[in-house]
Amino acid sequence: MSGESILSVDGLSMRFGGIVAVNDLSFDAGRRKITALIGPNGAGKTTVFNCITGFYRPSGGSIALTHDDGKTIQLERLNDFRISKQARVARTFQNIRLFPGMTALENLMVAQHNVLMRASGLTFLGLIGAPSWRSAEARAIELARTWLSRIGLLERADDAAGNLPYGDQRRLEIARAMCTEPALLCLDEPAAGLNARESAALSELLLSIRSELGTSILLIEHDMSVVMEISDHVVVMDYGVKIAEGTPEAVRDDPKVIAAYLGADEEEAIAVMESGT
Amino acid sequence: MTASTLEKKPAPRASSAAFILKKATISALVALVLFSLMIGVRTEAGPQGGLIYWTRFGDLAAIVAAVFGGSIVIELLRQWWGPADKVRVVPPAVQHALSFTGRLIAPTLLIFTFLVPVIFYDQRYILDLAILVLTYVMLGWGLNVVVGLAGLLDLGYVAFYAVGAYSYALLATNFGLSFWVCLPLAGILAAFWGVLLGFPVLRLRGDYLAIVTLAFGEIIRLVIINWQSLTGGPNGVSGIPRPTLFGIPLSPGEDGLAARLGIEFSPTHRIVFLFYLILAMALLTNWVTIRLRRLPIGRAWEALREDEVACRALGINTTTTKLTAFATGAMFGGFAGAFFATRQGFISPESFTFQESALVLAIVVLGGMGSQLGVALAALAMIGGFELFRGLDQYRMLVFGMAMVLLMIWRPRGLIGHRSPTVYLERNQAISSDLVKEGHG
């Protein structure tokens, strides 16, 4: 079991007062696989994300993350920054949250905070410019440079992140999350607002992250072409519960899924059907 | 965006003239109502105690006419200048020239500062003023870590200044410790108070944080006033030892520095020594801050100012990051406080009122949050300018307030609003202030 799935969500519930946003949700995300979490607006996808990444404390259920070495961490017991630091789960946000006043390079350097903090001897070694710190900093810049060239932003490394075009900001946010060297990357609607060409580039980027770096990916997505193209496994949610699960093809033809999309949003239902043909 | 500005450009002249006239008329009417009683009618107590009054319609008419004319002039100026929030494109040549002079300002200012005691050796007033300015530069740089870099609005910075000053004063007068031993102790104690303040306020943001820090500043002052047995209460602490040059006192006695060097003693020696002392301390503050900005902790401060949620998602412990910002800023404040105590030789709670916090915060905001050079320039302008307007008596505050309002309209993000990146691959280009966040607590 531990070899198969990296994340296993079991009976997850999240209530806000009387509102049940997520009700008894269970699913597994495969190791070195891309798992997509889809569903109509308001289905509770982002709430699941916030529970996994520690922004919400779930009302019930368990979220277990199993690392490559077999160590299992219960994510619902950790909070905010520890999830990223100890469990190595990184995330992006639905509405991009870069550091707009810092350069693209600086954004990627901030992401390596914990590594650099250790290398700088909690600042003291760094303050006196110790050689060990200097080499660690050089390595961090090198990693940032690698990611900048991977997302095609090397030319704009020294531009403020807030000045980059929307699509570039999306990619930079993914690169920033990847600079924390995560085991699981959670992407909240990475293709939102991208044009067809940018979406294709994004799919390529995500596939390369999975195959070359072996990072598992969990993503929420509305853009069905992206979901169908790259996902290994799809989980469909509606009204806080799982209504279907399986390969992209199986989910696409599931009448319950089509009904959920038709009932919620006609456009999205059409998108689902069209992407199948 | 461009299309809409193009459409708007050929606005009909007649309507704009009518608009100006309408606006001027309304302003004149408001002025008429306001000033009709304030200027139009003059009242005074008569010889028998009765009220006598007379009218001054001529003056009133002049004022209203001035408002009418002034309103037209301002409106014309505004139309000529364009909307205030419009982003103006500065030609690259001008930008280049500006950045060139900008790069020259700091070294020039530094060299000039080093030469101040040489140039103004005979002018005690200027030397004292220079020491005062440097003290505020140091305080500004210290607060800049908290407000400018970490984006935490601290209205009680004077508390750390007070902790530093009283630490030195009490340690020196009670235990006879020398300035050089007390200086780090004062910094450490102030940093400790910074952490102590930090803990309860970590969850607060923005306005709430500002109010709690304000209260903390007042609490420290009230404790100092009321803890008579330790601090001497409102009487303060007097007889604080003067600093020595690593053990050699700057006094006229046999073992004084002047006697040892075989030169004639002059009280100016001590002033010059104090000047270089605070200059060295301020430069150390600056150096440490510049270094810290390039270390992960400094980048985390700035990232915290930009987006706290994203910081948490990247595994940054926002609690300790905020605490280190508070502690670092407080430590510099403590150093400055110790210097203040040794310079004055006497301290009392009156020196640590809210006004000091407000002044230091004004220096940071005016200078451009996060900019070291901007803070130094702002301290010079604020403290120096305050002295410059001394001749204006009670209008000093008015003139000063007006100047600040104008400056904030002209440069809403401070004298130096842009941010320079801490690391770069190819080009070290400044980041426009429009993109840099101010932080929200």
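**Figure 1. Strands β1 and β2 of chain A run antiparallel and are joined by eight bridges.** This is a predicted model, in which local features need pLDDT of at least 70, side-chain atom pairs count only at pLDDT 80 or more, and totals for chains, interfaces and linings use all residues. Residues are numbered from 1 along each chain as its sequence is written, while chains are lettered from A and ligands numbered from 1 in the order in which they are written. Two words to know: helices (H or I, at least four residues) and strands (E, at least two) are DSSP runs, numbered from the N terminus, and two strands pair if DSSP finds at least two bridges between them. To find one of the bridges, look for L7(A), whose partner in β2(A) is A29(A). β1(A) and β2(A) form a hairpin with two residues between them. In that turn, G17(A) has a positive phi of about 60°.

**Figure 2. β4 of chain A pairs with β1(A) and with β5(A).** Strand β1(A), residues 5-16, and strand β4(A), residues 60-66, are antiparallel and share five bridges.

**Figure 3. Four strands of chain A make an open sheet in the order β2-β1-β4-β5.** The pairing in this sheet is antiparallel. Which strands stand at the edges? They are β2(A), residues 19-30, and β5(A), residues 72-74; each has a single partner strand, so one side of each is left without a neighbour in the sheet. From one strand to the next, the twist averages 20°. As a reminder for any such picture, side chains in a regular strand alternate between the two faces of the sheet.

**Figure 4. Helices α15 and α16 of chain B cross at roughly 125°.** Helix α15(B) covers residues 354-367 and helix α16(B) covers residues 372-388, and their axes come within 7 Å. Axes are lines fitted to C-alpha atoms, for helices over the stretch in contact, and angles run from 0 to 180 degrees between N-to-C directions. The two helices are therefore oblique to each other (under 35 degrees counts as roughly parallel, over 145 as roughly antiparallel, 65 to 115 as roughly perpendicular and the rest as oblique). α15(B) passes α16(B) in a right-handed crossing (left-handed if the near helix is turned anticlockwise from the far one by less than a right angle, right-handed if clockwise). Among the residues that meet are L359(B) and I363(B) of α15(B), along with V375(B) and M382(B) of α16(B); two residues are in contact if their C-beta atoms, placed from the backbone, lie within 7 Å. By class, the residues of this contact are ten nonpolar, two polar and no charged (Ala, Val, Leu, Ile, Met, Phe, Trp, Tyr, Cys and Pro count as nonpolar, Asp, Glu, Lys and Arg as charged, and the others, Gly among them, as polar).

**Figure 5. Helices α6 and α7 of chain B pack at an angle of about 140°.** The axes of α6(B), residues 158-175, and α7(B), residues 179-201, are 8 Å apart. These helices are therefore oblique to each other, and their crossing is right-handed. The contact includes F160(B), Y168(B) and L171(B) from α6(B), and L185(B), L189(B) and W193(B) from α7(B). Its residues divide into twelve nonpolar, four polar and no charged.

**Figure 6. Chain B meets chain A.** Here 32 residues of chain B are in contact with 33 residues of chain A. The elements giving two or more residues to chain B's side are α12(B), 296-306, and α13(B), 308-313. Which element gives the largest share? It is α12(B), with seven residues. The side of chain B that touches chain A has 17 nonpolar, five polar and ten charged residues.

**Figure 7. A280 of chain B lies in helix α11(B), residues 268-293.** Is A280(B) buried or exposed? It counts as exposed because it has 11 C-beta neighbours inside 10 Å (buried means 20 or more other C-beta atoms within 10 Å of its own, exposed 12 or fewer, and partly exposed in between, with C-beta atoms placed from the backbone). A280(B) and Y161(B) are 119 residues apart in sequence and 18 Å apart in space, C-alpha to C-alpha.
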